[in-house]
Amino acid sequence: MDTKRILSALCYFSIMFAGILFPLVAYFASEDEDVKIHAKKALLSHLIPLIPLPLILIAVFIDMSGGTGDFPVLMFSSAILMVILSFIVLIWNLVKGIKVLNIK
């Protein structure tokens, strides 16, 4: 196995163990352009599930300040969106990591 392919694949697989940290370190520590490209793609994909985070924070603030109703719809819908995005990104990163390892 080639070291740069393993490092590139680990950038994608790091969603399960190191999140944003591993691709960031790999991007700055590696001198290989292929590893840098894969580290940047992995880092951006790791950040996708954080998109609904401002909605969740706004919903929590609204609920803490008195709320608008009995059931916090915005908070739960934002949390469900975050879970769905996280699952999709997890599958996508696993597929990309396996593809990087299988390049001939």
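**Entry 1: the nonpolar core.** I looked up the largest nonpolar core in this predicted model and found eight residues: Ala-9, Cys-11, Tyr-12, Phe-13, Ala-26, Ala-39, Ala-42 and Val-100. I took a nonpolar core as a set of buried Ala, Val, Leu, Ile, Met, Phe, Trp, Tyr and Cys residues joined through side-chain atoms within 4.5 Å. Buried means under 20% relative accessible area, exposed over 50%, and partly exposed in between, with a 1.4 Å probe and protein chains only. Two or more residues of this core come from each of α1 (3-13) and α3 (33-47). The most come from α1, which gives four. Helices here are DSSP runs (H or I, at least four residues), as strands are (E, at least two), numbered from the N terminus.

**Entry 2: basis of the values.** I noted that residues are numbered from 1 along each chain as its sequence is written, and that side-chain values use heavy atoms, without hydrogens and water. In this predicted model, local features need pLDDT of at least 70 and side-chain atom pairs count only at pLDDT 80 or more, while totals for chains, interfaces and linings use all residues.

**Entry 3: α1 and α3.** I read a packing angle of about 10 degrees, with the axes 8 Å apart. Axes are lines fitted to C-alpha atoms, for helices over the stretch in contact, and angles run from 0 to 180 degrees between N-to-C directions. The two helices, α1 and α3, are therefore roughly parallel; angles under 35 degrees count as such, over 145 as roughly antiparallel, 65 to 115 as roughly perpendicular and the rest as oblique. In this contact (heavy atoms within 4.5 Å), α1 uses Lys-4, Leu-7, Ser-8, Cys-11 and Tyr-12. I listed Asp-34, Val-35, His-38, Ala-39, Lys-41, Ala-42 and His-46 on the α3 side.

**Entry 4: α1 and α5.** These helices pack at about 175 degrees, with axes 8 Å apart. I therefore recorded α1 and α5 as roughly antiparallel. Among the residues that meet are Arg-5, Ile-6 and Phe-13 in α1 and Trp-92, Lys-96 and Val-100 in α5.

**Entry 5: Val-83.** I located Val-83 in helix α5 (residues 73-102). Val-83 is exposed, with a relative accessible area of 56%. From Val-83 to Lys-96 I noted 13 residues in sequence and 20 Å in space, C-alpha to C-alpha.
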